[in-house]
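Here are a few notes to read with the model open beside you.

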Amino acid sequence: MKAIVQELRAAAALAQQDSEFISAARGLPCAIWLQVGADPEDRIPAWAGQPAAPSQCIVISAPPDTWRKLLDPTPPPGYHSFTAAHRQAQGLRVKGDALAIAQALHPLERLFEILRGQVAAAPSLLDRSAITGHYANLDLGATSTSLYYETSGLADGPPLLMLHTAGADSRQYHALMADPGLRRQWRMIAFDMPGHGRSMPLPGQAWTETGLTRDTYLQTCVAVIRQVASAPAVLLGCSMGAAMALVAAARSPDDVAGVVALEAPWKATGRRTPMLCHPQVNQAAHNPAYVRGLMGPAATLAARRDAAWIYAQGGFNVYANDLWFYSEDFDAAEHLTGLDTRRFGVSLLTGAYDYSASPEDSRRVAARIPGARFAAMPELGHFPMVENPQRLLDYLKPELDHIRTARGIA
C-alpha cells in the first residue's frame with residue numbers, strides 16, 4: 001500500500017505542475033483528494049480548490065489493486081479514464097456533490113491521464129491540403145439549410161460519406177480524408193450536421209432546438225446523398241453516425257452502397273445528463289471531458305486534445321440534443337429490422353475501450369443483421385479516427401475492400 005500511496009503522491013505533484021490541469025482546475029469551488037483504501041489518513045491532495053462545503057470536496061477512493069490498474073499505462077478496459085473508472089472500476093468510490101464533480105470533470109480526466117503517465121504531448125501537423133470545403137443549399141422538404149461539407153479524393157470516384165459523432169463535426173475525419181490510399185480509391189465527403197461545426201442551425205432553431213429525432217437525422221443524410229454525393233454512397237459513421245448509417249441502410253437502401261459502422265450502439269442508455277447543458281457547468285470544459293473519457297489509453301495526448309477541442313467548440317445544447325437520438329430515439333432491435341446485406345456489405349468495428357457502445361453491444365447489432373461482419377479493435381476507444389487513424393485503417397481498409405467487392409465497385 002505504501003508504494004501505491006507514494007506513486008499517487010508523485011502523480012498528484014506532477015498534476016500540480018501540468019499546465020492543462022492547472023488551467024482546467026483554476027477557480028474550482030471544490031477540492032480533489034485521492035485515497036487508498038478506507039482510511040482518511042491515506043488521502044492525497046490533488047487540488048486544494050476553494051470548497052465552500054464538505055460536499056464540494058471530491059474524494060476518489062479505491063483499494064490498492066484498483067489503483068494499480070489505474071496507474072498502468074495500458075490499463076484494462078474500465079480503468080482507462082476517470083469516467084470509465086467511475087462507472088466500472090471495482091471498488092472505486094467517488095464522494096462528492098454531483099454538481100461539483102461535473103464542474104471538475106476536465107481536471108479529473110486530465111488527472112487520470114497523468115496517473116497513467118501521459119504527461120507530455122508530442123504534437124504533429126496533419127497535412128489537410130487535400131481537403132476542400134464547400135457550402136450547399138440543401139432542400140429538406142419543409143425547410144432548407146446551408147450545409148457545410150468537405151471533400152477529398154477522386155472527383156469521379158465512388159462516394160464515401162462520413163457521419164460524425166454526437167456533438168462534433170467533420171473535422172473528426174480529417175486524418176482519413178488526408179490518407180493517400182483512401183484518396184486514390186474514393187470520393188470522400190464529410191459534412192457538419194445543421195447546428196454543428198461550420199453549419200448554422202436550421203432556420204428558427206438556434207438556441208431553441210429540443211432534440212435530434214431519427215426522422216430529421218435520416219432526412220438530412222438522405223438529402224446529402226442525393227443532392228451532394230448524387231449517387232448511392234458507402235456510409236462510414238461513428239457512434240451516432242454509425243446508428244444513422246445503419247438506419248439509412250434499413251430505411252433507404254436505394255441510397256446506400258455499403259456501411260461501415262464504427263462504435264455502433266445497441267441502445268445507448270445513460271449518456272444524456274442535465275450536466276451537459278447546466279447553467280453552473282462550463283459546457284466548453286465539461287462536455288469535452290465527458291467524451292475524452294471514452295478514448296482508449298493508447299491515444300496520444302495530442303490526439304485526446306484534438307478530439308476534445310472539437311467538442312469544446314460545440315454550440316449551446318447541441319451535444320445533449322444529439323444524444324436524444326443516440327440515447328432515446330434509436331433502438332437497434334427495433335429500427336434495423338429488414339436490413340438486407342445481400343444488396344451491399346455491412347461491417348461493424350468497435351474499440352475495446354468504448355463503454356458507451358461496447359464491443360458486446362456492437363456484436364449484438366451485427367448478429368441482428370444477417371451477413372454483417374464484426375471485429376473488435378483492442379487498442380482503440382470511441383473515437384478511433386481521431387485516436388489513432390493509422391491503426392484504424394488497418395481494420396477499415398479490408399472492410400471497404402469487402403464492400404467494393406460486394407457492390408461490384410472497380
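1. Helices (H or I, at least four residues) and strands (E, at least two) are DSSP runs, numbered from the N terminus. With that in hand, look at strand 5 (residues 132-139) and strand 6 (residues 144-153), which run antiparallel and are joined by eight bridges. Alanine 136 has leucine 147 of strand 6 as its bridge partner. Four residues sit between the strands of this hairpin, and glycine 141 has a positive phi near 85°.

2. Some housekeeping. This is a predicted model, in which local features need pLDDT of at least 70 and side-chain atom pairs count only at pLDDT 80 or more, while totals for chains, interfaces and linings use all residues. Residues are numbered from 1 along each chain as its sequence is written, and side-chain values use heavy atoms, with hydrogens and water left out.

3. Next, please find the open sheet of four strands, which has the order 2-1-3-4 and mixed pairing. Its edges are strand 2 (43-47) and strand 4 (93-95), each of which pairs on one side only. From one strand to the next, the twist averages 20°. Strand 1 (residues 31-36) runs antiparallel to strand 2, with four bridges between them. Which residue in strand 2 is the bridge partner of glutamine 35? That partner is arginine 43.

4. For the angles, axes are lines fitted to C-alpha atoms, for helices over the stretch in contact, and angles run from 0 to 180 degrees between N-to-C directions; contact means heavy atoms within 4.5 Å. Helix 1 (residues 2-15) lies across strand 1 and strand 2, at about 15° to strand 2. Helix 6 (residues 105-115) also packs on the sheet, where it touches strand 1, strand 2 and strand 3 (57-62) and makes about 40° with the direction of strand 1.

5. Now for the charges. A salt bridge here is a side-chain nitrogen of Lys or Arg within 4 Å of a carboxyl oxygen of Asp or Glu, and the whole structure has 21 of them. In one, aspartate 18 meets arginine 110, with the closest N and O atoms 3.0 Å apart. Aspartate 18 is in the loop between helix 1 and helix 2 (19-25) and arginine 110 is in helix 6, so this pair ties together parts that are 92 residues apart in sequence. Both residues are buried, that is, under 20% relative accessible area, where exposed is over 50% and partly exposed is in between (1.4 Å probe, protein chains only).

6. Because arginine 304 lies in helix 12 (residues 301-312) and glutamate 113 in helix 6, the pair ties together parts 191 residues apart in sequence. Arginine 304 and glutamate 113 are both buried.

7. These pairs join up: Asp18, Glu20, Arg110, Glu113, Arg292, Arg304 and Arg305 are linked in a network of salt bridges. Do have a look at arginine 292, in helix 11 (residues 283-292). Is arginine 292 buried or exposed? Its relative accessible area is 4%, so arginine 292 counts as buried. Leaving aside neighbours within four places in sequence, its contacts include His106, Leu301 and Ala308.

8. Lastly, glutamate 379 and arginine 391 form a salt bridge, with the closest N and O atoms 2.6 Å apart. Glutamate 379 counts as partly exposed, at 27% relative accessibility. Arginine 391 is also partly exposed, at 27%.

Methods. Pairing = 2+ DSSP bridges.
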